[in-house]
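Please keep the sequence and the model in view while reading.

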Amino acid sequence: MVLFLICTSVFSQELSQQEITSFKNSVKEKAGKASSIIGDFQQEKQLDFLDNKTESKGKFYYVTPDKLKWEYQEPYTYSIIFKSGSLTIIDHGQTQHIDVSSNKLFEKLSQLIANSINGKLLDDNGFSVNYTKEKNLVSAELSALNPSLKEMFETITLSFNASTYLVEKVTLTEESGDATTIYFKNIKVNQKVAASVFETE
C-alpha cells in the first residue's frame, strides 16, 4: 500500500485551485476559437468478463455548434451523425433517424460526446470534477451527479494535452467495470469541413 501511494504521488499529482482555474481558462479559450475539430480515433472496449479488448478505428468531424460525425472504418464501416437535435445511424446503406430531443437522456448523451471533444464538458454543473496531471497530460475525472446518467457512466475522464489544451483521450467507465477508451490522433482545428460530410440521405 505504501509503495502504491508513493508511485501515485510520483506519476500523478492533483492540480491546485489556481492551476485548475488557469487550465480551464486555457481550454475555454482554445474551444472558443475552434470552429471545427477533425481527426482520427481509436476506440478500445474493455469488458469486465473478457481479458482481451475489442478495438475499432475511424475518423471524427466536429463543427460548431452542433454537428458531430463518428465514421467507423475498421473492423466494420458505419457512421453515427449528430446534427440539430437528431441522431442518424448509417449502416450498410441502411439509414435510421432518431429524434434525440424526445429522449432527454439520449439528448444529454449526444451533448456529452460533443462537449468531450470541444472541452466544454468541464463546465457542466451535472458533474463533480477531480483534476490531476501526469507527464504532458492533464486529466479531468468527472463523476455524474444525475442518477440516470450515473447508471450509464460511473466516471468520464477527459485527458488533455497540457500544451495544446486539446483532448487526446476520453475514458468512459460504467458501474459494471466495463470501460471504453477513445484515443484522438492527427487532430486538426479550424479545417474546412464539406457539408456533404454530414449528409444523411
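Two rings of Phe, Tyr or Trp, the last taken by its six-membered ring, count as a pair if their centres lie within 6.5 Å, and planes over 60 degrees apart make the pair edge-to-face, planes under 30 degrees apart make it stacked, and the rest are tilted. In this predicted model, a search of the whole structure returns 11 aromatic pairs.

**Pairs that involve Phe184**

- The ring centres of Phe60 and Phe184 are 5.0 Å apart and their planes stand at 70°, so this pair is edge-to-face.
- Because Phe60 belongs to strand E3 (residues 54-63) and Phe184 to strand E12 (residues 179-189), the pair ties together parts that are 124 residues apart in sequence, and both Phe60 and Phe184 are buried.
- For Trp70 and Phe184 the centres are 6.1 Å apart with planes at 35°, so that pair is tilted.
- Trp70 in strand E4 (residues 67-74) and Phe184 in strand E12 are 114 residues apart, and their pair links distant parts of the chain; both Trp70 and Phe184 are buried.

**Aromatic cluster**

- One aromatic cluster is formed by Phe41, Phe60, Trp70, Tyr72, Tyr76, Tyr78 and Phe184.

**Surroundings of Thr155**

- Thr155 lies in strand E10 (residues 155-161) and has a relative accessible area of 13%, so Thr155 is buried.
- Leaving aside residues up to four places away in sequence, Thr155 touches Glu141, Leu142, Ser143, Thr171, Leu172 and Thr173.
- Between Thr155 and Lys67, which are 88 residues apart along the chain, the C-alpha atoms are separated by 24 Å.

Conventions: Residues numbered from 1 in each chain as written. Predicted model: local features only at pLDDT ≥ 70, side-chain atom pairs only at ≥ 80, totals over all residues. Heavy atoms only, no water. Helix = DSSP H or I, 4+ residues; strand = E, 2+ residues; numbered from the N terminus. Buried < 20%, exposed > 50% of the residue type's maximum accessible area, 1.4 Å probe, protein only. Contact = heavy atoms within 4.5 Å.
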